[in-house]
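User: Hello! I am new to this structure and would like to learn how to read it. Could you guide me through it step by step?

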Amino acid sequence: MLILSNEHFEQMVAHARAGLPNESCGLFAGTITRETKTVKAVYCLKNTDANPEHFSMAPEDQFNAIKDIRKNGWTLLGNFHSHPASPARPSEEDIRLAFDPSLSYIIISLKDPEPVLKSFIIRAGTVAEEPVQV
Ligand SMILES: [Zn+2]
């Protein structure tokens, strides 16, 4: 279970909308117990691909985010990216590039007027949706 405050949810959606027509991306961090990940911070990163169908996180942005996560004693919980025109589920490329089963992969779909956010755990090519509580 992933716990996301309304503020963090809005932060991700705003970043996704600001990046249109391209995909947007970022990281999020917080605390973790056996069953629950609680988001404490969202880092909006630059998509250096500037592309509507894929993304690469700017290395300098990633470095700064990791530095801040360490400084606060948080754990990197996962990353997020937007799908400007497709549903909130991982693409084949998303699954191929998901190398860490301990991370949550959030996808925000802007296909419909109301944004849809879903989180996934991806382990060796197998996708499982993770419950999100906003
Ligand atoms: Zn994707």
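Predicted model: local features only at pLDDT ≥ 70, side-chain atom pairs only at ≥ 80, totals over all residues.

User: What are the ideal angles for four tetrahedral donors?

Analyst: The ideal is 109.5 degrees for four tetrahedral donors. To count as tetrahedral, all angles must lie between 85 and 135 degrees; here they span 53 to 159°.

User: Which residues coordinate the zinc ion?

Analyst: The donors are NE2 of His81, NE2 of His83 and two OD entries from Asp94, at 2.0 to 2.7 Å. Along the sequence, the donor residues follow the spacing H-x1-H-x10-D.

User: Are His81 and His83 buried or exposed?

Analyst: Both His81 and His83 are buried.

User: How do I read the cysteines? How many disulfides does a search of the whole structure find?

Analyst: The search finds zero disulfides. A disulfide needs two cysteine sulfur atoms within 2.5 Å. For Cys25, the nearest cysteine sulfur belongs to Cys44 and is 9.3 Å away. Cys25 is buried, at 0% relative accessible area, while Cys44 counts as partly exposed at 34% relative accessibility.

User: Now the sheet, please. In what order do the strands lie?

Analyst: Eight strands form an open sheet with mixed pairing, in the order β7-β6-β5-β4-β2-β3-β1-β8. Its edge strands are β7 (126-130) and β8 (132-133), each pairing on one side only. Strand β6 (residues 116-123) runs antiparallel to β7, and five bridges join them. In this pair, Phe120 stands opposite Glu129 of β7.

User: Where do helices α1 and α2 lie?

Analyst: Helix α1 (residues 6-18) packs on the sheet, where the strands it touches include β2 (25-32) and β3 (37-45); its direction makes about 25° with that of β3. Helix α2 (residues 59-71) lies across β2, β3 and β4, at about 150° to β3.

User: What should I look for in the backbone?

Analyst: Look for exceptions: most residues other than glycine have a negative phi, and most peptide bonds are trans. In this model, a cis peptide bond joins Leu20 and Pro21, with omega about 5°. Pro21 sits in the loop between α1 and β2.

Methods. Residues numbered from 1 in each chain as written. Heavy atoms only, no water. Donors = N, O, S within 2.8 Å, 3.2 Å for Na, K, Ca; no water. Tetrahedral: all angles 85-135°; square planar, octahedral: opposite > 155°, others 65-115°. Buried < 20%, exposed > 50% of the residue type's maximum accessible area, 1.4 Å probe, protein only. Pairing = 2+ DSSP bridges. Helix = DSSP H or I, 4+ residues; strand = E, 2+ residues; numbered from the N terminus. Contact = heavy atoms within 4.5 Å. Axes fitted to C-alpha atoms, helices over the stretch in contact; angles between N-to-C directions.
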